[in-house]
Amino acid sequence: MADNDDLVRKQRRRRICQAIIVITVLLVVAGVGVVLWYFLRDTEVELRLGDARFLQNAQQITFLNQTNNNITLEGRLGLNVSRYLTPTDCRNANDREKLCLRWDGVAVLEILRENLLGPTTGTSVDITTQCYEVTWTPLSEEFIPQDCYSTSAANWYGGSETFYQRWPVNNGSYLMQPYVTWDHRWDPGRYDYEFYPDHWKYGSLQERYWVSSRGVAIKVDDSVPLHVGLNDTVTEPEQLCLMANFSHPYNNPTGAYPVLKYTVCHGGHLRDIHDFMADRYFRKPRGIPDDRDEVMYRAPIYSTGGRYGQWINQSTIMNFAEEIRTWERVLNFPSSDDWSTIELDDMWSEEHGSIDFDRERFPDASGMIGALHSLRFRITAWVVPHLNAWTDAFQEAMKRGYMVMDSTGTIPGLFGWWRGTAGVVDFTNPDAGDWYVRRLDEIRRKYAVDTFKMDGGELSYLPVHYRTYEHLDNPATFTRLYVENMARLGDTVQVRVGYGSQDHPILVRIADKESEWGYGNGLRTLIPCALQFGVNGYIFISPGVVGGLTNDGQMPDKELYIRWLQVSVFFPTLQFAITPWQYDNETITITRQLMELRSTLVLPRLLEAVRQSQTTGAPVLRPLWWIAPEEVYAQISDDEFMLGDTLLVAPVLDQRARSRDIYLPSGRWSDQLRGGNINSDGGQWLENYRVELREVPHFIKTF
C-alpha cells in the first residue's frame, strides 16, 4: 500500500514539474513577443509620398483623401516578403516623386507618384486626382508578388462578369485564380486549371479595373500574369488581392520572373474617379451598333434555339416566320414598317466549322432567305471560332498554319466541347483572322445572310497547353483580337466576350442565363451583369433570351418569364427563344402592354441614350449611383437601374412577390405606374409598393 502511495506522489510531482516547464516556456515566448512588439512599434518607419503613407516594417499602405484626410484605400504589400527582412532605400537622389525599397535577393518595390497637370474636372466640382504606379520586380524565382487591399467599409465595382454575379462585386467571393476570360457555363462538373469548377471562374467579359465608393480605383497593367482573389474566404476575406504568377494558363517561354504592376488613382467621389479612369483607360465606341436601320432596337430578335434546338430545317424556319408575323400583328409590335430578326441558333450548317449551310436541311438556303427578306426579316447565323476536326475548313486552316497549335507547335491543339472535337482559329495571326472573316463574308454574299451572332472567344476554347502565332503575355489578348476581327463584319454583329474592346460599335451579349429566379446565374443576376458591363465600358449590351435558357423546347415558368420580360423591355435589345404566345391569354395580354410601353416610352429614351453614350462613353443602362454617387442605398441597389439619366426601373425579381421596396435617389420623380410626383430629398424609400404580375414600376426624373 505504501509503495502505491509513493508511486502516486511521484507521478503528481512529475506532472507538476511538467506544468511548470510548459508555463515557463509560454511566459518566455510571450515575453519575447512583447519585447519584439515594442521593438517593432518603436522602430516602425513611415514613408510618405503625396497622399500615400507606407509603413515599411508592417508593409502597410494607406491612401488619404487630401480634402478631409479620410482613408480612401488601405492594404498590405508584398505578402510573400518576410516582415523580419529590412529593405534598403534604392531611390536616386533626385527621386522626389518615388519610393524605392530593395530586399536583397528577394524583390524591389517601386511606388511612383504621377505628376498630373492641374485639377481634373469631376461631375460636380473640380477635383485633384492623385495616381500612383506600384511595381514589384522579383529578384528570385521563389518570390511571387502579391498585394491585398481591404474591401470592407466600401462598395466595389468592376472586374469580371461572373456566374454568380453580385453588385457591388465585393458581395461575392472568388478564390485566388488566373484572371482570364472563361465560359463559366460550360460543363459545371468539369475541372481545369487549379481544379476550380467553371461556375466559380471569372467570366467571358472582364477588365483589369476596380473602382470603390470611397473614390479610389485600381487598374492592373495588361502585361501582368494576373491572378485575382476577391473576398477569398480561405486565405484573404474582405480583400481584393492581386498576384503575378506564371502558373497555367500563363506561358513563360523566356523564364522571366513575374512582375506585378498596377496603378492606384483617387480623388473626388465614386462617379468622379470612375469618369477619370474611364476617360484614361477605356476607348469610346467608334460608332453605334446598327446605326443606319436600328432594327435590333426597334423589333425583337427570335432565336430558333429555345423551341427547336438543333432540329431546324428550311420548312421549320419558314413556318416560324409566318407564325411570328401573325402574332406580331396581335401584339401590335413592332410597327409594320420595322423588320424583325430571326436567329439561326444551332446546326444550320452540316458541322460546326464547316461554315456553310447543310444542303439536306436547307436545299435552297438562298431562296429561303430571299423569302424571309420579303417578309421583312433580318437573318442572323450563329457561329463559333472553333472548327470541328473533320470539317473541310479545319483541314484548310491546318494546312495554312491558321490554327492554335499544341505546346510542341507541330500539330493543332484540340479540345472537346458539346458538339465534338475541335481546334480554334489563331487570331494572333493576322492572315488567319483575314481567312476566317473572308469565309464568313462569303456566306453572307452567297446566301444573303445579314449578320452573325458570335459565340466563343474565351480561353476555355483554347487547348490546355497551347502555342499561338504571336506569344500571349496575357491570354485575354486572344479575346480582344477575336472581337477585333469579328467587328470587321459590320455594326450588326453580336459577340459575348470582351477585353479591352469597348471601342467596337457592336452589340455585346450577356452570357446565357439559367431559367431560374436567384443568384445562380438566374434573373437576379441580369441587372448586376448589365451594370457590370457598363462600368467596364461596354455600353451596347443585349440581355440574352427572355426567361433564360431551357433545354429541348421546355418552357420557363410563366411568372418567371413575365418578370424577365419586364426587365428586358428596357434593355437595348429584346430577344425571344420561347415566344409569349406559347403561354396563355394573360401572358399575351401582358406582353402586348409591355410592347406598347417599349414603343411609346422606352424607345425614344433608349435611342437618345445610345447616341449620347457613343459620344460620352457613359453606359446606356446605369446604376443608381450614376446620378447619386454619394448615396449609400444608390451604391448597393442591385435590383434597380437607370435608362439614361431620367428613367428609373424597379422590377420585381422574386417569385410570387406582389410588392417590393423601391429606393428613389435625390430629385423629383414622376411615378409612371401609380401617378403623382415624389420629392426625394437625400433619397427616399417607397416601402411595400404594390406591384401586380402585369406591372413593372418605373419613374421619370423631372429635375
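**Notes on the predicted model**

1. UniProt, in an unreviewed entry, places the feature "domain: Glycosyl hydrolase family 31 C-terminal" at residues 617–701. The structure discussed here is a predicted model. Over residues 617–701 the chain is 6% helix and 40% strand, and the end C-alpha atoms of this stretch are 21 Å apart.

2. An open sheet is formed by 8 strands in the order E5-E6-E7-E10-E18-E15-E14-E12, with antiparallel pairing. Its edge strands are E5 (88–89) and E12 (156–162), each of which pairs on one side only. Within this order, strand E15 (residues 216–220) and strand E18 (residues 260–266) are joined in the antiparallel sense over 5 bridges. Alanine 217 stands opposite cysteine 265 in E18.

3. Helix H2 (residues 270–281) lies across strands E10 (130–138), E12, E14 (202–212), E15 and E18. The helix runs at about 135 degrees to E18. In the loop between H2 and helix H3 (295–298) one finds glutamate 294. This glutamate 294 has a positive phi of about 60 degrees although it is not a glycine.

4. Another open sheet consists of 3 strands in the order E22-E25-E24, again with antiparallel pairing. Strand E22 (386–388) and strand E24 (415–417) are its edge strands, and each pairs on one side only. Direction ignored, neighbouring strands of this sheet are turned by 50 degrees against each other on average. E24 and strand E25 (residues 420–424) pair in the antiparallel sense over 3 bridges, and phenylalanine 415 stands opposite alanine 422 in E25.

5. How many cavities of 30 Å³ or more are there? The count comes to 6. The largest cavity has a volume of about 120 Å³. It is lined by 15 residues, of which Ser160, Thr162, Val169, Tyr202 and Leu230 lie nearest its centre. By class, the lining of the largest cavity has 8 nonpolar, 6 polar and 1 charged residues.

6. Which elements each supply at least two residues of the lining of the largest cavity? They are E12, E14 and strand E16 (226–232).

7. Among the residues that line it are Met347, Trp348, His352, Trp382, Leu387, Tyr436 and Leu440. Strand E21 (377–383) and helix H8 (430–447) are the elements that give two or more residues to this lining. The lining of the second largest cavity has 9 nonpolar, 3 polar and no charged residues.

8. Two peptide bonds deserve a check by eye. A cis peptide bond joins tryptophan 167 and proline 168, with omega about -5 degrees. Proline 168 is found in the loop between E12 and strand E13 (174–178). A cis peptide bond also joins phenylalanine 333 and proline 334, where omega is about -5 degrees. Proline 334 lies in the loop between helix H5 (314–331) and strand E20 (340–344).

9. Why are such backbone values noted at all? Most peptide bonds are trans, and most residues other than glycine have a negative phi.

Definitions and conventions: Residues numbered from 1 in each chain as written. Predicted model: local features only at pLDDT ≥ 70, side-chain atom pairs only at ≥ 80, totals over all residues. Heavy atoms only, no water. Pairing = 2+ DSSP bridges. Helix = DSSP H or I, 4+ residues; strand = E, 2+ residues; numbered from the N terminus. Contact = heavy atoms within 4.5 Å. Axes fitted to C-alpha atoms, helices over the stretch in contact; angles between N-to-C directions. 1 Å grid on protein atoms, 1.4 Å probe; cavity = no way out; pocket = protein on both sides within 12 Å on 5 of 7 lines; lining within 4 Å. Points joined across faces, edges and corners; volume = space filled by probe spheres on them. Nonpolar A, V, L, I, M, F, W, Y, C, P; charged D, E, K, R; others polar. UniProt positions renumbered as here; feature names shortened; annotations may be inferred.
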